[in-house]
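Welcome! Take a moment with the sequence and the 3D view, and then read on.

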Amino acid sequence: MTDMVDDKPTPQAQLAQQEPPSSSSSKDLDEKALRKLHKKQVKAERAAARRGDDSAIEAAQKTCDLCQGSKNVLIRCQIDDTQQWKMVCPKCWKDVSGGKIDGDEKHEFYRYGGIWKNHKAGVSGKKPKHKSSTTNSTTEDSAIPTATLDQ
């Protein structure tokens, strides 16, 4: 048997390779072996998620309520008179908010509710540092959610 995650046979196939026990409690041993193999598989999946495998990152993504795209960053907001919270990607967010956290006159139903980030993808909420000589930020810069800059 190999301990590799990718080429791992199913628990039933691993049991078939083992010699059958000679006692009458073979059913109990088979169930015990299946539980043990299942536990090993679960541990291997958790280890893959900790390593940051692409499948773990993609599985943790959520979809934008407007464009239906899988994203690592979504902004929670209310965008219409139904007052239901929507999760929108930064690209769609600019259209529904006018590009400002508090919205503008054209978006009277808009209300900001926070940012969701896929931490498994290593998404940062920090603004990228610019190499310009001026380090002062304007009030307009601080009004843009930091997650919109990550994608």
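- The average pLDDT of the protein chain is 74, and 64% of the residues score at least 70.
- Confidence is highest in strand 4 (residues 85-88), with a mean of 94.
- At the other end of the range is helix 5 (residues 139-143), where confidence is lowest, with a mean of 46.
- Over residues 137-144 the pLDDT is below 50, and the model gives this stretch 8 contacts beyond near neighbours in sequence.
- Residues 1-5 also have a pLDDT under 50, and the model shows 5 contacts for them beyond four places in sequence.
- Where pLDDT is low, the predicted coordinates should not be read in detail.

- An open sheet is formed by 3 strands, in the order 4-3-5, and their pairing is antiparallel.
- Strand 4 and strand 5 (111-117) are at the edges; each has a single partner strand, so one side of each has no neighbour in the sheet.
- From one strand to the next, the twist averages 25°.
- Strand 3 and strand 5 are joined in the antiparallel sense over 5 bridges.
- To see this pairing at the level of residues, look for L74, which stands opposite W116 in strand 5.

**Helix 4 and its two sides**

- Which residues of helix 4 (residues 90-97) are buried? They are P90, C92, W93, V96 and S97.
- Looking down the axis of helix 4, you would find its buried residues within an arc of 150°, so they line one face of the helix.
- K91 and D95 are exposed, on the other side of helix 4.
- The cover over the buried residues of helix 4 includes strand 3 (73-78) and strand 4.
- After helix 4 comes G98, which has a positive phi, near 85°.

- A polar atom of the S97 side chain lies 2.8 Å from the backbone oxygen of W93.
- The S97 side chain also reaches the backbone nitrogen of G99, at 3.0 Å.
- Setting aside neighbours within four places in sequence, S97 is in contact with G103, D104, H107 and Y110.

**The loop between strand 1 and strand 2**

- L66 is found in the loop between strand 1 (62-63) and strand 2 (70-71).
- Is L66 buried, partly exposed or exposed? With a relative accessible area of 41%, L66 is partly exposed.
- Not counting residues up to four places away in sequence, L66 touches I79, V88, C92 and V96.
- L66 and K86 are 20 residues apart in sequence, and their C-alpha atoms are 8.4 Å apart in space.
- Q68 lies in the loop between strand 1 and strand 2 as well.
- Q68 is exposed, with a relative accessible area of 53%.
- The phi of Q68 is near 65°, a positive value in a residue other than glycine.

**The loop between strand 2 and strand 3**

- N72 is located in the loop between strand 2 and strand 3.
- At 18% relative accessibility, N72 counts as buried, because the cut-off for buried is under 20%.
- What does the side chain of N72 make a polar contact with? The partner is the side chain of Q61, at 3.1 Å.

Note on methods: Residues numbered from 1 in each chain as written. Predicted model: local features only at pLDDT ≥ 70, side-chain atom pairs only at ≥ 80, totals over all residues. Heavy atoms only, no water. pLDDT = per-residue confidence, 0-100. Helix = DSSP H or I, 4+ residues; strand = E, 2+ residues; numbered from the N terminus. Contact = heavy atoms within 4.5 Å. Buried < 20%, exposed > 50% of the residue type's maximum accessible area, 1.4 Å probe, protein only. Arc of directions from axis to C-beta. Pairing = 2+ DSSP bridges. Axes fitted to C-alpha atoms, helices over the stretch in contact; angles between N-to-C directions. Polar contact = N/O pair within 3.5 Å; in protein donor to acceptor, adjacent residues only side chain to side chain.
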